[in-house]
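Let's take a walk through this model together. Have the sequence and the 3D view open side by side.

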Amino acid sequence: MLLGFITLLQDSLLLPKADTVAQGIAANGAPAPEIHLIDMLMKGGVLMIPLGILSLIAVYVFVERAITISKAGRLPDNFMPMIRDQITSGNMQSARSLAKNTYGPIARMIEKGIQRIGKPIENIEKSMENVGKLEIYRMEKNLVILSIIAGIAPMFGFLGTIAGMIQTFFNISITSDITLGTIAGGIYVKMITSASGLIIGIVAFIGYSYLNAQIDKVVNKMEGASAEFIDILQEPTR
C-alpha cells in the first residue's frame with residue numbers, strides 16, 4: 001500500500017507524461033529523462049533507512065493488531081442464548097464450561113460473571129468490568145507504536161530535507177555554482193525524504209484510527225453482552 005502510494009506520487013509529480021515525452025522527442029530529438037521509484041528512493045540519503053524501518057514496523061503492527069482485534073470481535077450467534085438457557089435452568093457448571101471453551105474477551109468476561117453468581121449484582125458487575133478493562137488493554141497493546149510512527153516519521157523526513165539543503169548550499173558556497181539546475185536538483189532530491197516521511201506518517205495515522213474504531217466496536221459488543229448477562233441473572237430460574 002505504501003509503495004503503491006509512492007508510485008502514484010511519482011507518476012503524478014515526478015515522471016513526465018506521455019505527451020511531455022513526445023514533446024521532448026520532437027523538440028530535442030531525444031526522449032525526456034525519467035526517474036524510477038527505486039532510484040528516487042535511493043537518492044533520499046541515509047535517513048531513508050530509518051524511514052524504511054519505521055514503515056516496516058508500522059505494517060507489522062497494523063497487520064498483527066488487525067488480526068487480533070478481528071478475532072476478539074467474533075462470537076457465535078447462539079452464545080448468549082445458550083448461556084441464558086443454562087443459567088435459567090440452574091446449570092451453572094455447564095454455563096461456565098461453555099464460556100470457558102469459547103474464545104474471545106466477551107466469553108472471558110461472561111465466565112468471570114458466572115464465577116461470581118451468588119454475590120451481589122454490584123460485585124458481579126465490578127468483576128466483569130475489571131475483566132473488560134484488561135481485555136481492552138490487551139487489544140490496545142502496541143497500538144501506541146502506530147501513533148508514535150505517525151508523529152516521528154514526518155520529522156525524520158523534514159530532518160533529511162533540512163540536512164540536504166544545508167549540504168546543497170554548502171556546496172554552492174564552495175563552488176560558487178548558483179545555476180538554477182544545481183539548486184533545483186539538490187532541493188528536489190532532498191525533498192524525497194519529506195515526501196516519504198509524510199506518506200508513512202499518514203498511513204500510520206490512518207491505520208491507528210482504523211484499529212481504534214474496530215476496538216470501539218468490540219467494546220460495544222462487550223457492554224451489550226454484559227448488560228444482557230445481568231438481565232439474565234435477574235430473571236427467575238425454571
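**Starting from I83**

Leaving aside residues up to four places away in sequence, I83 touches A95, L98, A99, I110, I114 and F229, where a contact means heavy atoms within 4.5 Å. This is a predicted model, so local features need pLDDT of at least 70 and side-chain atom pairs count only at pLDDT 80 or more, while totals for chains, interfaces and linings use all residues. Residues are numbered from 1 along each chain as its sequence is written, and side-chain values use heavy atoms, with hydrogens and water left out.

I83 is also one of the residues that touch the most other members of the 39-residue largest nonpolar core, along with F79, I110, I114 and F229. Such a core is a set of buried (under 20% relative accessible area, 1.4 Å probe, protein chains only) Ala, Val, Leu, Ile, Met, Phe, Trp, Tyr and Cys residues joined through side-chain atoms within 4.5 Å. Its largest share, 11 residues, comes from α10; helices here are DSSP runs (H or I, at least four residues), numbered from the N terminus.

Now look at α6 and α7, which pack at about 155 degrees with their axes 8 Å apart. Axes are lines fitted to C-alpha atoms over the stretch in contact, and angles run from 0 to 180 degrees between N-to-C directions. That makes α6 roughly antiparallel to α7 (the cut-off is over 145 degrees). A95, A99 and M92 are among the α6 residues making the contact, and I114 and A107 among those of α7.

How far to trust it? Mean pLDDT (the predictor's confidence in each residue, from 0 to 100) is 79 for the chain.

Technical notes
Buried < 20%, exposed > 50% of the residue type's maximum accessible area, 1.4 Å probe, protein only. Helix = DSSP H or I, 4+ residues; strand = E, 2+ residues; numbered from the N terminus. Parallel < 35°, antiparallel > 145°, perpendicular 65-115°, else oblique.
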